Amino acid sequence: MRASASRASNESADPVGLIVALLVRFPEIVSLVSRPSEGTVTLSFAIAKKLDRSTQVAVRDTILDHVTSFTELMEDPYERLEVACETDESMTFVRLLRDAKTVSREELQMLTELLGRRFETLLVKSPVSEEEAIDDDPVAQDEAVDAALDALRDPSQQKSLVGFREEKRVMVYFVPSRKKAKARAR
């Protein structure tokens with residue numbers, strides 16, 4: 001999978017490569033947004049069907065139950081967990097907001113397996129490029145994911161990152177931080 005990046009010249013390329021590794025390892029994740037100032041990571045999954053409201057609620061509740069149980073089992077309870085579904089004419093996007101501090105590779109494996117079993121072929125999964133097929137070392141991929149999650153937890157990372165899939169490529173962008181606006185005088 002080729003990676004493209006748009007970044008300020010003073011930013012390190014390491015977070016970009018790590019985000020690419022994470023998205024390559026989990027082709028079911030269509031986008032990832034890291035907000036270091038908030039200490040959060042948002043993961044998005046796409047389902048190739050517009051889900052009705054009751055199915056959306058069931059998916060949300062199932063994810064909440066599984067993540068809660070998983071983090072309790074791992075004895076590392078989450079600090080933040082939100083799940084939302086957004087639909088358009090033919091797709092549903094499941095967005096999971098997590099605190100970067102406690103999200104783990106094992107949790108990502110559990111989530112992708114959960115959604116894969118629930119939606120099977122409807123869960124959008126990025127196609128494997130020739131480069132990925134050649135470099136298919138699961139241990140190395142898992143180590144890269146662990147490193148990526150560690151980088152997302154790094155408090156020195158000042159800029160938010162957005163990583164998403166476009167065909168067989170992963171695009172990663174640094175997002176400039178918003179300055180807090182002063183309250184207007186009345």
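In this predicted model, L32 of strand β2 has G163 as its bridge partner in strand β6, and the two strands, β2 (residues 29-35) and β6 (residues 160-166), pair in the antiparallel sense over four bridges. Strand β2 also pairs with strand β3 (residues 40-47), again antiparallel, through six bridges.

**Helix α1**

- Helix α1, which covers residues 14-25 and therefore has 12 residues, spans 17 Å from its first C-alpha to its last, close to the 16 Å expected at 1.5 Å a residue.
- The buried residues of this helix are P15, V16, I19, V20, A21, L22, L23 and V24.

**Salt bridges**

- The model contains 13 salt bridges, and in general side chains of opposite charge can pair when their charged atoms come close.
- K101 and E79 form one of these salt bridges, with a distance of 3.1 Å from N to O, and the pair links distant parts of the chain, since K101 lies in the loop between β5 (92-99) and α3 (105-119) while E79 lies in the loop between α2 (53-73) and β4 (81-87), 22 residues apart.
- Both ends of that pair are exposed, because K101 has a relative accessible area of 57% and E79 has a relative accessibility of 54%, where exposed means over 50%.
- D142 and R105 form another salt bridge, their closest N and O atoms being 3.5 Å apart, and this pair too joins distant parts of the chain, with D142 in helix α5 (residues 138-153) and R105 in helix α3, 37 residues apart.
- In this case both D142 and R105 are buried, and the two residues also belong to a network of salt bridges that links R25, R105, E106, D142 and D146.
- D150 and R153 meet in a salt bridge whose closest N and O atoms are 2.8 Å apart, and because they are three residues apart in helix α5, about one helical turn separates them.

Notes:
Residues numbered from 1 in each chain as written. Predicted model: local features only at pLDDT ≥ 70, side-chain atom pairs only at ≥ 80, totals over all residues. Heavy atoms only, no water. Salt bridge = Lys/Arg side-chain N within 4 Å of Asp/Glu carboxyl O. Buried < 20%, exposed > 50% of the residue type's maximum accessible area, 1.4 Å probe, protein only. Pairing = 2+ DSSP bridges.
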